[in-house]
Each structure stands twice: as C-alpha cells, then as structure tokens.
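Look at the sequence and the structure below. The paragraphs that follow go through a few parts of the chain in turn.

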Amino acid sequence: MESLMFLGFGIDAWITIVTVLGMFSILLFTKLRSDLVFLGAIGVLYVTGVLDAKEAFSGFSGTSVITVGVLFVVVAGLMHTGVLQWIVKHLLGTPDSYSKAVTRLMLPVAVLSSFLSNTTVVALFVNIVKMWSKKLGVSPSKLLIPLSYASGMGGVCTLIGTPPNLIISGLYEEHTGTAMNIMTTTIPGLFCLAVGVLSVIAMRKLLPDRKAPESDFESTGEYTVELQVPSDNPYIGQTLGEAGLYHVKGGSLIEQYHFDDVPATISENEPIMGGDHLVYAGQIDELIDLATSHGLVSANHHVFSLDEVDKNRKLRTAYVTFGSSLIGTRLADNEFAEKNDIIVVAISRHGRRIREVPRHVVLQAGDTLLLLFPPHMNMSSLEKDPNLHFFDSDDVPNIGIGTIVSTAIMIAMVALSAFGVMPLLQCAFLAAAAMLIFRCCNVEQAMKAINWEILMVFAGSAVLGTAIQKTGIAEWLANGILDVCGTNPLVVMTAVCLVGTFITEFISNTAAGAMFFPIMYEAAEKLGYEPFPFLVALMVSVSSSFATPIGSPTHMLVYGPGGYRFSDFMRIGLLMNLIILAANIFIVNIVYPLTPLQ
C-alpha cells in the first residue's frame with residue numbers, strides 16, 4: 001500500500017494523518033471520553049495495517065506507562081497518610097504582601113508537583129487557597145492561576161512529575177538504549193520556575209480580580225425564603241402537592257418543619273399542618289408572590305441556616321467540568337438531580353449568582369452549584385461523577401506515624417533512582433509495595449487511585465508517536481522545519497518548541513509529547529546533533545500551557561473556583577508562554593550544550 005503516493009505521502013501516512021486530525025477534532029468538539037477516543041485511534045491504525053499488532057499495542061507494555069500506573073499507588077499512600085495536608089498546613093503562613101504570598105504558594109506547589117500528580121496537588125490546594133485568600137484580603141482569582149501555573153512548571157522538574165517527561169524519556173531509551181536520570185530536567189525546570197514566579201509577580205495586574213463564585217452562597221437569606229403556615233390557613237390538612245406548594249413557580253421547596261423545628265420528609269404527599277415552616281429556594285420576588293396567593297406569612301425566625309444544614313443535611317459546592325454532559329442543558333430537562341437525590345439551591349457564574357430559578361438555568365462549564373444533600377447520604381459515587389468536581393471532600397486523613405513512613409518511602413524511591421542504584425520502574429514498584437506493606441494505604445484505596453483513563457491516553461499517545469515516525473510523517477515535518485528555519489540548531493529547537501507549546505494548549509501534553517518526539521528527534525539527527533538537549537527542551541515546552549483553561553487539567557480545576565472567564569488565561573498566559581519558552585531554550589543550552597553526533 002505504501003507505494004501509492006499522494007503529495008509525497010503513502011496511503012499509510014495519510015491514514016495516520018486523518019486519524020490524528022480526527023482524534024483531536026473529536027476531543028475538542030465532542031464529549032466522548034478521551035480513553036475511548038485514543039483506543040479507537042489505535043484500532044483504526046491496526047485494522048488498516050498501518051501498525052502491526054506488536055506496534056499497535058506496544059504502548060500498553062511500555063515502561064513509562066507501567067511506571068505511571070505504579071506511581072498512582074505511591075501517591076495514594078501519601079494522600080491517605082496526610083502528607084500533602086501536613087505540608088499545606090505548615091507552609092503557607094501569613095505573608096504581608098502579594099509578592100510573598102505568590103512565592104509562598106508557588107514554590108511548595110511546584111516541589112510537590114515534581115514528584116506527585118499535579119492534578120492531585122492542585123485539587124488539594126484549591127480550597128486551602130480560597131480560605132487563605134480571605135485571610136490575606138486578596139481575591140482568590142489572583143492566586144488560583146498562579147497555583148495552576150506552579151503545578152505545571154514544577155512537574156517538569158523531574159521525569160516523574162508530568163506524563164510527557166516519562167513518555168519522551170521512555171521513547172528516548174527505546175531509540176538509544178540509554179535511560180535518562182530522574183533528575184534530568186531538574187535544573188532547567190527550576191530555572192523556568194524561578195522565571196515564572198518572577199513573571200507572575202511582575203504581571204500581577206494582568207491577573208483578573210474576580211469575585212469568588214461561592215461568596216454569593218455565604219448568606220442563605222440571599223436565596224431562601226422561609227414561610228409559615230398560619231393556623232387558619234385553608235390548605236391545612238391537604239398535602240403539599242394538593243395545595244400547590246410542592247412544585248412552585250420561581251423556586252423549589254427544600255425544607256419543611258412541623259411544630260417549628262421538627263424536619264419533615266420533602267414529598268408532595270407530606271401533609272400541611274398549622275404552624276409549619278416551609279423553606280423555598282429560588283427567585284425571591286416570585287416566592288413572595290407565592291406567600292400572598294397561598295396565605296402564608298414570613299416566619300418569625302429563620303430556621304434554615306448553614307449551621308443547621310451541617311447538622312441535618314449536607315450543603316456542598318461543586319463545579320461543572322469541561323466536557324460535562326450537563327453543559328448546554330437545564331436541570332429541569334434531565335434527571336441528574338432526581339437520580340442523585342440532590343437539590344440545586346443556587347448557581348453562580350463568573351462570581352455572580354444567577355437570579356433565575358436554578359433548575360431552569362442553562363449550564364456552562366465552570367458554573368458553581370450549591371447542592372443540598374439528604375443526611376447520611378453516601379457521596380462516593382457522586383464524587384466520581386465526571387460531570388461535577390467537588391473540592392470540599394469529607395475524607396480527612398489521620399496524620400501520624402504513617403505520615404512519616406510514607407514520606408520516607410517517597411524520598412527513598414527518588415534517591416535510589418536519582419543515584420542510579422536501580423531503574424525508576426523498579427524503584428516505583430518497591431515504593432508501591434512498601435506503601436501497602438506498611439499500611440499507608442490498603443489494596444482497595446490503591447486500586448481506586450489508579451486512573452485507567454490517563455493510562456489509556458498515555459499508551460495511545462505512545463502508539464501515535466510510533467505511527468508518525470514509521471509512516472515518514474516525522475521525517476517530512478523535520479525536513480519542512482529545516483527548510484524554513486535553516487540549519488541553525490537553536491532556531492530549529494525554538495521553532496519545534498514554539499509549535500509544541502501552542503499545540504499543547506488544545507490537546508493533552510502527553511499526546512503533544514508523543515507526537516513531537518519523533519519530529520524533534522529526526523530534526524536533531526538531520527542537523528548532525530545529539531537529540532538529548534533537544535528532547536529536554538521539548539519536555540519543558542509541551543508542559544508549558546498557560547494561555548487557555550483547556551490546556552491543562554489543573555487549569556480546569558481552578559476555572560470554576562476562581563470565577564474565571566476563558567479570556568482571563570489568555571491575558572497573562574500568552575506572555576507566559578513566550579517568557580518560559582525563552583527561559584527554556586536559554587537554560588537547556590547552558591546545562592546541556594549541543595553536541596555533534598559521533
């Protein structure tokens with residue numbers, strides 16, 4: 001088939017190009033799960049004969065993919081023994097200026113992200129930063145973007161800090177037989193981090209000053225009305241449904257109290273008694289009209305309060321995720337609330353509470369929902385729902401001897417790998433086993449910690465890189481870059497890294513790393529230079545996505561809590577992309593000077 005040529009490409013190359021473009025289009029414009037999309041792409045390349053069975057499924061047995069899977073267990077041990085929580089508690093303090101606050105925040109986050117999943121680190125810090133910002137008198141939006149940036153820049157400081165580093169280093173080992181050290185990117189990463197922290201401080205005026213979405217939820221009186229049923233009300237003896245007090249215009253019934261303070265079951269079949277208190281959430285003006293039409297009066301005291309909800313019902317904040325099936329829908333038109341037995345009390349967007357009836361609001365990515373749950377409800381299944389993201393987890397780890405043990409295991413793993421005592425994969429296996437043996441986490445917690453979707457994307461990305469190289473696309477692109485940029489290695493390195501930085505704003509950095517590895521490798525060899533420094537620069541660049549909220553999972557985590565708009569990331573992010581690119585090229589060529597091939 002490869003003999004059939006069109007525009008310089010054989011049929012296998014065109015199948016690969018169409019597959020890659022189709023896959024990225026599906027990821028950008030649909031809500032299909034990314035692991036299914038990558039698996040479908042692998043299937044297409046295998047069925048069409050572009051890759052044989054060994055090549056198509058080589059990603060699943062690659063050392064980098066297995067390493068990531070094992071590291072999930074190590075992170076589970078650190079999480080369940082409270083290591084991260086202890087670090088957060090003792091590091092932030094009370095700085096007296098914005099510059100000091102950004103430094104106190106970004107440096108520990110970057111250090112943690114060098115060894116742990118940056119998504120895990122950011123998810124842990126989000127609520128802490130929101131509370132910390134109130135203490136400092138700073139808008140959370142001034143700190144949450146720096147939080148996300150720090151996690152990304154910290155991740156590139158070690159090979160295990162971010163998936164692209166592992167996949168690029170794994171591919172390099174396959175091509176050369178030489179393994180990269182776990183600390184290969186440490187000096188370039190730390191230099192870029194220092195430049196990034198100083199840049200954020202210098203450009204702080206470009207960071208938006210948004211109102212925190214949940215600040216609209218702090219006073220229940222703003223969105224609830226409590227009404228009382230007088231003793232001579234004509235609806236006494238009827239059910240809520242019969243009286244028209246269950247399904248009402250402008251809001252929802254969220255609480256009913258008999259005899260002033262005895263909670264009743266919320267049901268349209270619940271009878272109405274004299275003196276009942278009915279608590280509605282929604283549009284205040286329409287709820288007041290309800291009081292007039294049904295002969296209800298304002299309650300003498302406000303029974304429904306945040307303190308009381310904590311005792312009787314759970315009041316939780318959640319954010320609509322990017323790619324959520326709820327986007328573009330109204331809760332009134334789907335069964336999400338009914339299926340999960342929850343009540344949406346209020347919705348905030350960009351830091352302002354929406355004044356419409358919550359169930360009639362057309363939802364958008366990043367919307368903040370205030371949800372009311374029945375008492376003693378098991379939240380575990382809902383917290384795993386991909387449509388919402390909760391930050392106020394009920395899980396509180398116990399800090400004790402396990403904290404010290406898991407920390408020692410993590411340090412030993414990094415040290416053994418850094419000093420070349422044994423390969424990283426072996427170190428990770430030993431660390432994961434130690435976490436289980438010393439009961440830092442149990443088997444169930446370890447298995448739950450493994451993110452199979454990420455592993456599928458990781459494996460699929462490696463396979464795409466193989467296809468791009470095998471079909472000659474990488475060589476063609478490398479030649480094209482050389483034709484445009486000439487034979488200056490610094491110009492070529494900068495050009496590939498610039499395109500890589502742009503591409504990773506729209507696709508996963510793992511996929512970008514796998515896709516650009518063969519291009520950068522080919523370009524370096526054609527110039528007659530050792531590919532190693534080119535690939536180190538590529539590692540930094542494909543993890544440097546600052547300009548769009550979809551460029552990194554951590555950006556998506558802070559998007560809702562910060563009350564951000566899409567353009568907020570672009571204002572500071574485009575400059576950050578260029579600044580970190582320049583810092584990256586500068587430091588890599590000092591630490592790893594270009595060396596001609598022997």
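Predicted model: local features only at pLDDT ≥ 70, side-chain atom pairs only at ≥ 80, totals over all residues.

A residue is called buried when its relative accessible area is under 20%. Cys427, at 2% relative accessibility, therefore counts as buried.

A disulfide is a covalent bond between the sulfur atoms of two cysteines. The cut-off applied is a sulfur pair within 2.5 Å, and by this rule the model has zero disulfides.

Next come the strands. Strand β7 covers residues 277-282, and six of its six residues are buried, so the strand is largely enclosed by the rest of the structure. Both of its faces are covered. On one side sit His277, Val279 and Ala281, and on the other Leu278, Tyr280 and Gly282, all of them buried. Strand β5, residues 251-258, runs antiparallel to β7 and is joined to it by six bridges. In one of these pairings, Tyr257 has His277 of β7 as its bridge partner.

Which strands does β10 pair with? One is β12, residues 368-373, which runs antiparallel to β10 and is joined to it by five bridges. Here Ala346 stands opposite Leu370. Another is β11, residues 352-353, which pairs with β10 in the antiparallel sense over two bridges. In that pairing Arg349 stands opposite Arg352.

Now turn to the helices. Helix α1 spans residues 11-29 and contains Thr19. Thr19 is buried, since its relative accessible area is 11%. A polar atom of the Thr19 side chain lies 2.6 Å from the backbone oxygen of Ile15. An α-helix has 3.6 residues a turn, so residues three or four places apart point the same way. Beyond its neighbours within four places in sequence, Thr19 is in contact with Ala41, Val44 and Leu45.

Helix α25, residues 566-591, has 26 residues. From its first C-alpha to its last it reaches 36 Å, close to the expected 38 Å.

Definitions and conventions:
Residues numbered from 1 in each chain as written. Heavy atoms only, no water. Pairing = 2+ DSSP bridges. Helix = DSSP H or I, 4+ residues; strand = E, 2+ residues; numbered from the N terminus. Buried < 20%, exposed > 50% of the residue type's maximum accessible area, 1.4 Å probe, protein only. Expected span 1.5 Å × (residues − 1). Polar contact = N/O pair within 3.5 Å; in protein donor to acceptor, adjacent residues only side chain to side chain. Contact = heavy atoms within 4.5 Å.
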